[in-house]
Amino acid sequence: MSKYILEVCVDSVESAISAYNGGATRIELCSNLVIGGTTPDLELFKTIRNHIQIPINVMIRPRYGDFCYTEYEHEIMCRQVENFKNEGADAVVIGSLNIDGTLNEKQMKEYQSKLVLAMAHDLRTPLTSLITFLEIAIKKSTNNENQEYIQKSYQKANQIRELTDQLFDFFLIQKQEKIELDPPANVEYALGEYLSEFCAFVEAEGYQVIVKNMEWGEAKVQVYHRYIGRIMDNLVSNIKKYADKEYPIILEMKNNENMIQIDFENQKNTKKEYVKGTGIGIQNIKNMMEQMKGESEIINNENRYAIVLSFPIYIE
């Protein structure tokens, strides 16, 4: 493995090949290097990609001059990020400033989202195929030693799929600045079906669920149904990974004058090998609850884990 990174900025096929032959470990591709570089032509990138076997980072800069971009230029740059990623670029080199010289965080987040969403999408298809092949191998393998390794590979592949799903959700939620909440509805109508499905999925995995104080009353809440579904998926995933089947899952509803609270509580499985998560799933829940004007709270101690979802009561 190389102990150094040698990146060479190039703007032609010839210079890219020379850099590769001269020991460059990656290149930054642009056009018009003499004026500081601008976005290269897609055909130039594709030709270079066919002739060198090192990473290619692509500059995204629609014009020379400053780095304060109009909304029209920003739109062009977003499409360029997607196009180069779809053609196999390893990364993009990009910058966007406000007129006062500070970083334009809004535009930079959108470029980041475009790139990560494209990467997550690209991973899903081969990963789904890999998981399918491993499932077939599990059913057909008769060798106990092979079966052990196939099972481990299957578990790791599913972990990668879950992480890519969480990444996809994270950047999709970040990108969606404003959602339109569903019309105000009785709590049972807004949440009841999702909670029933949560119980069914968890019980299908061999857990017992104890439901407490599920008295709906007349209170109304406003939610976004797609987010509620995603939140429940995350909660089921957490329980499957970390909860102890010897103890019941506690699902409890509490309410006061301002909030409806739904508590999901489980005992940790201390006998199971613990794999530290990325925290993206929990952050996704927090982001989704905030966009629905609600809150989420994590209670995490030595043996107990709980997530509390709080939905503001709708006042007419």
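Trainee: Which residue in E2 does valine 8 stand opposite?
Mentor: Strand E1 (residues 7-10) and strand E2 (residues 26-29) pair in the parallel sense over four bridges; strands are DSSP E runs of at least two residues and helices H or I runs of at least four, numbered from the N terminus, and pairing needs at least two DSSP bridges. This is a predicted model, where local features need pLDDT of at least 70, side-chain atom pairs count only at pLDDT 80 or more, and totals for chains, interfaces and linings use all residues. Residues are numbered from 1 along each chain as its sequence is written, and side-chain values use heavy atoms, leaving out hydrogens and water. Opposite valine 8 stands isoleucine 27.

Trainee: Which strands stand at the edges of the sheet?
Mentor: Four strands form an open sheet with parallel pairing, in the order E1-E2-E3-E4. Two of them have a single partner strand each, so one side of each is left without a neighbour in the sheet. Those edge strands are E1 and E4 (91-93).

Trainee: In E4, which residue is the bridge partner of asparagine 57?
Mentor: Strand E3 (residues 56-59) and E4 pair in the parallel sense, over three bridges. The partner of asparagine 57 there is alanine 91.

Trainee: Are H6 and H7 roughly parallel or roughly antiparallel to each other?
Mentor: Helix H6 (residues 187-204) and helix H7 (residues 225-242) pack with their axes 10 Å apart, at an angle of about 20 degrees. Axes are lines fitted to C-alpha atoms, for helices over the stretch in contact, and angles run from 0 to 180 degrees between N-to-C directions. Under 35 degrees counts as roughly parallel, over 145 as roughly antiparallel, 65 to 115 as roughly perpendicular and the rest as oblique. H6 and H7 are therefore roughly parallel.
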